[in-house]
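Here's a quick briefing on one residue, the interface around it and the chain across from it. Have the structure open as you read.

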Amino acid sequence: MGVEYLDSHFVLFLVGFIMTRVNKKMKNRCMIAIAILLVLGFGVDILRLAYFQVFNADEYRVLAESGQLSDTEIPADRGVIYDSNMEVLAESASAWLVYVNPSKIKDKEQRILISKGLAKILDDEDLKWKDIYNKIGNKDYGYVKIKGKIEYEPKTKIQEFINENDLYAIVCIDPDTKRYYPYGNFASTVIGMTNVDSDGRVGIELKYNDVLTGVPGRIITARDGHSDLMSTNYETKFDAEQGTSLVLSLDKTIQHYLEKGLSQAVKDNDATSAYGIVMDVNTGAILAMATMPDYDLNNPSVITDKAVLKKLKKIKDEEEYAQAYNEQVYMMWRNKVVSDTYEPGSVFKIFTAAAGLEEGVVDINSTHNCVGAIQVADNRIHCHKREGHGVQTLTEGLVNSCNPFFITIGQKLGTEKFYKYFEAFGFTDTTKVDLPAEANPVGGVTYHKKEDMGISQLSSSAFGQTFQVSAIQMITAVSAIANGGKLMEPYVVAKQIDQEGNTVYEKTPTVKRQVVSESTANTVLQMMEQVVDGGTGRNAYIPGYRVAGKTGTSEKLTVDGEYIASFVGCAPADDPQIAVLIIIDEPQVANHGGGAIAAPVAGVVIEQTLKYMNVEPVYSDEELAKLNATAPDVNGMSVAAAKDTLSKHNFNARVVGNGDKVISQYPSKDQNIPLDGVVILYTETGNVSTTSTVPDLTGLSISEANKRAVNSGYNIKVSGASLGSEVVSYRQSVEKGTKAELGSTITVYFKTTSGVQDD
Amino acid sequence: MKTKNKLLSGLFVSNGMDVPFFIIMLGLMAFGLVMLLSSSYAYSYYETDGESSLHFFFREIFFMAFGLSVMYFFSRLDYKKLKYFANIALLISWGLVLLTIVIGKIEGGEINRWLSLGFFDIQPSEIAKFAVVLFCANGLDKNRKKMVSTRPSRVSWAVKLADITNGKIVFTEGTVTLFFYAIFVGLTAVFVLLGSHLSGAILILLFGVAMLWMGEGRARWFVIGGIAAVIVLVIVINFYDDIPILKDYMADRIGSWLNKDLTDTDKRWQTNHSLFALGSGGFFGSGLGNSKQKYFYVSESHTDFIFSIIGEELGFVGCCLVLGLFALLILRGVYIGMRARDRFGALLAFGIMMQIGLQVALNVAVVTDTLPNTGISLPFFSYGGSSTLVTLGEMGFLLSVSRQADLPKLYSFSKSKKQKV
């Protein structure tokens with residue numbers, strides 16, 4: 001074998017030399033070819049690899065990771081908004097969002113199944129099954145959000161839908177949050193609401209968005225090219241942190257009083273809107289703030305105001321309608337107290353008076369003879385009382401709201417000093433209240449600049465005309481009169497508390513400046529009390545409480561023939577706690593004065609608020625005489641004896657049934673009953689509670705109303721202005737024509753119509 | 001055996017084959033299998049609906065095992081006998097390529113490079129590649145004298161051309177022969193291009209030219225050809241949208257290669273994610289099996305783009321190792337060729353190694369976005385029956401050449417081992 005092997009090799013060796021073997025030229029060419037391959041091919045490849053893997057690796061790694069890592073945000077709950085008594089006004093709750101992974105949808109059939117299934121469960125006008133169908137068409141996408149802020153019930157239905165149809169990883173549910181406003185319309189223009197992305201859109205939600213917004217958590221996971229989770233255990237989780245909660249100075253009860261008064265005012269006066277504010281005069285804390293009509297925070301884009309809807313209905317063009325609708329929605333969200341300016345009218349006279357007293361150009365005993373008009377430069381300015389008020393003291397001037405008197409005070413002050421106080425009371429600057437979109441006063445636009453203030457401008461400004469202020473400026477300035485001359489910085493948010501309930505911020509009342517001396521402020525306040533006691537503000541009179549106030553009525557500068565009526569009041573006048581400002585915009589009633597329509601509203605709000613705040617009423621004798629008494633016990637007496645007992649106590653009796661003895665009475669023993677009221681005496685068993693029809697008790701004097709009520713078997717409770725004989729009832733707590741139990745008490749609201757005109 | 005059948009014994013050679021080449025090749029195969037497993041299991045799991053992560057791995061093992069036996073069989077064949085099949089092989093490969101096109105047209109498919117044999121799909125362009133090598137090696141060996149001849153050609157058209165130009169343009173016999181083979185190479189490339197396999201066509205052109213170069217064609221024609229190629233390239237790059245031969249998808253790929261938009265998730269998805277994978281790997285790589293881009297980011301991560309996964313898992317170092325192994329294989333293969341016992345063997349070995357080398361270079365160029373995205377597989381690494389079988393078959397022929405080559409004994413399996421037994 002060995003020989004054979006050698007042989008064959010030897011032969012091969014020889015053959016190799018005989019045959020044409022590789023020559024030198026070929027070898028050279030081979031080397032050139034291989035060199036080109038290795039240098040141009042492999043060499044360039046290695047340079048390129050080095051470029052991507054050595055020199056620019058990070059850039060490409062980041063790009064790779066941006067594709068691989070999926071960063072899912074865990075939404076953070078927004079902070080809660082509480083009222084001053086820790087009642088929840090706005091809070092976030094867990095919700096869910098549903099999304100679809102179109103890249104995993106198998107076929108058209110499944111796409112239709114998903115679209116129809118989700119549309120049915122979500123039941124959304126704007127999310128018909130065709131919409132969903134179109135949304136999830138692109139197979140390149142791994143994530144298409146269908147809807148967020150889904151509540152628990154539809155969420156479980158979607159979960160069932162996924163289970164039943166085996167749609168795992170195709171239809172998915174992620175956590176989300178939703179903002180709830182438990183009281184709907186309540187304080188809507190103040191609180192505001194959030195948008196789809198849970199960012200504050202208006203109101204406190206907007207102003208404090210950064211504070212309320214929490215820190216979202218994150219789940220970082222690795223996903224493959226099909227958007228599925230990678231099998232690697234690669235997940236990092238950061239928990240979400242709830243946003244800071246706010247405790248408002250707003251008090252739910254006072255807010256409720258104010259809102260009720262304002263919405264009634266809109267209705268009664270057919271006004272376009274009414275807005276008002278209740279402020280703690282000593283701190284600047286806003287206890288209540290409202291604009292009517294308002295809107296439901298849970299459905300912020302739904303207009304409910306019938307007048308507005310009627311106006312909108314006339315627009316036929318669809319696009320135009322949508323635009324107009326949108327405008328109206330924005331209008332509805334507007335917090336007019338802060339964002340709108342209005343002509344203060346006679347209310348401003350209190351500041352002219354304060355400035356005059358402080359500067360000594362007038363004193364409490366100064367007099368002025370009003371002849372019904374005054375000449376200012378080329379113009380003759382009339383007093384609202386054409387025949388003139390005659391000789392009056394400063395207090396009487398304010399009580400009568402006499403324009404010429406205040407023009408003379410303004411002129412005595414001169415531009416320099418008048419402007420000084422105009423500025424000092426804060427009318428040239430924003431109040432810095434912690435609410436968004438505060439109207440910014442502009443010299444030369446909303447008020448007269450000092451350098452432009454000639455005698456005419458000075459004179460008209462002195463009685464509150466030809467300039468505008470915002471309601472928040474006005475109430476802050478009035479509070480300065482009420483609290484002894486200190487201009488406060490108004491605020492709505494009193495406290496900020498973190499997730500654990502720790503206070504992280506507490507507002508300390510800020511005094512901006514002492515505007516006038518305490519004595520000047522007190523003097524003006526006393527004068528204002530006279531306005532309510534016997535002047536234009538008497539409709540804000542409340543038995544047992546001392547109220548100081550001032551009315552205002554002005555023609556709107558911007559809209560011809562429309563008026564704006566206002567009333568500002570402080571109470572109790574001897575130790576003011578609260579200031580209330582009520583503004584009624586464009587009232588459509590003949591008697592559109594602030595004293596006629598705004599003062600009664602303010603009166604009711606002040607009364608309710610003071611009682612709620614446990615301010616003890618102190619009654620005068622005259623008031624006491626009108627106070628309610630309690631019913632004596634006539635049960636078991638004979639009808640005649642009962643009648644006798646009742647009449648002795650100045651009560652009327654009404655017998656029901658034919659029995660001889662009283663077996664039941666209403667009101668029963670010790671229940672409140674007005675003097676001259678009626679007690680229903682039941683004489684037959686089985687007939688101890690009878691209803692009847694409530695009569696119309698409006699448009700009457702107190703005694704007339706009482707008589708009519710008693711004749712129908714009802715008692716009345718007098719509310720509102722009750723002094724003097726010229727008061728007229730304008731509303732009753734139980735509507736006429738409705739059924740009510742005999743003997744029950746109906747609150748009747750009175751106001752006066754004479755002597756309250758102020759322009 | 002020798003005495004049993006004279007006819008058969010003439011077909012076979014019993015000398016030892018080249019061990020270094022064989023070992024380098026086995027190393028590449030083993031490396032390739034490991035990387036194939038790593039790059040394919042996610043896709044396999046997905047494709048088989050969770051049944052198997054090893055689907056492609058097992059199939060490739062089967063292909064390799066089958067390929068290795070084919071290789072061994074071919075290595076024992078006397079490669080010189082291939083000469084008899086050289087011309088017919090080219091014709092058959094043309095037939096198969098054209099058949100694929102026709103079937104594709106009938107079925108109405110966009111791209112069809114595959115010919116179904118029922119149990120197995122073959123890619124005729126793979127066969128065409130080897131057919132070109134074989135055809136050129138045979139022809140250029142047989143017609144060497146004509147190739148180097150400087151006599152004026154007596155071919156009728158060349159004579160006519162000389163007459164018309166008054167003897168100013170006279171083609172030599174060598175030039176005409178060169179043209180003859182160039183036309184065959186070109187035709188094959190055109191057929192493959194018609195079969196929608198642009199990369200295959202380019203590859204055939206490139207190593208075809210390399211073979212003509214080795215066949216001692218006159219250098220000036222290669223310089224002229226090179227200049228022409230550059231002009232064509234410039235035209236293609238600038239006017240790819242308006243060239244009718246280029247199909248829409250080809251123009252698209254050139255376009256998306258030129259724009260280099262890293263945010264494109266449509267046309268550049270594959271290329272961009274390949275680059276992201278390379279960058280993620282960095283210098284040392286994220287470690288074997290740790291690629292994230294193979295999770296459906298780099299499409300074809302187990303076939304044409306397996307190199308990007310190598311880059312991600314083994315880094316720049318691993319990439320250089322792979323390229324280095326290929327370089328070694330090519331150098332050894334070409335060395336074997338240069339020491340072959342005849343010109344045919346040398347040309348065959350050179351052609352095969354040039355084909356492998358170019359395929360590697362172009363594959364990596366595509367993966368690194370150096371060239372437009374075309375489907376070129378990476379020998380020994382990419383999954384695929386056709387390419388594995390053809391590659392290993394070619395290796396077999398190369399080993400066959402090595403058996404008769406003038407190589408130091410130390411490195412060859414020889415009968416001396418058997419003597420010890």
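**One residue at a chain-chain contact**

Let's start with Phe316(B), which sits in helix 13 (residues 306–338) of chain B; helices (H or I, at least four residues) and strands (E, at least two) are DSSP runs, numbered from the N terminus. Keep in mind that this is a predicted model, where local features need pLDDT of at least 70, side-chain atom pairs count only at pLDDT 80 or more, and totals for chains, interfaces and linings use all residues. Residues are numbered from 1 along each chain as its sequence is written, with chains lettered from A and ligands numbered from 1 in the order in which they are written.

**Around Phe316(B)**

- Phe316(B) counts as buried because it has 21 C-beta neighbours inside 10 Å (buried takes 20 or more other C-beta atoms within 10 Å, exposed 12 or fewer, partly exposed in between, with C-beta atoms placed from the backbone).
- Setting aside neighbours within four places in sequence, Phe316(B) is in contact with Leu49(A), Ala50(A), Gln53(A), Val54(A) and Phe283(B) (contact: C-beta atoms, placed from the backbone, within 7 Å).
- Gly281(B) is 35 residues from Phe316(B) in sequence, but their C-alpha atoms are 7.4 Å apart.

**The interface**

- Chain B puts 47 residues into the contact and chain A 44 residues.
- On the side of chain B that touches chain A, helix 13 of chain B gives the largest share, ten residues.

**Chain A overall**

- Chain A has 23 helices and 33 strands.
- Of the 759 residues in chain A, 45% are buried.

Methods
Contact = placed C-beta atoms within 7 Å.
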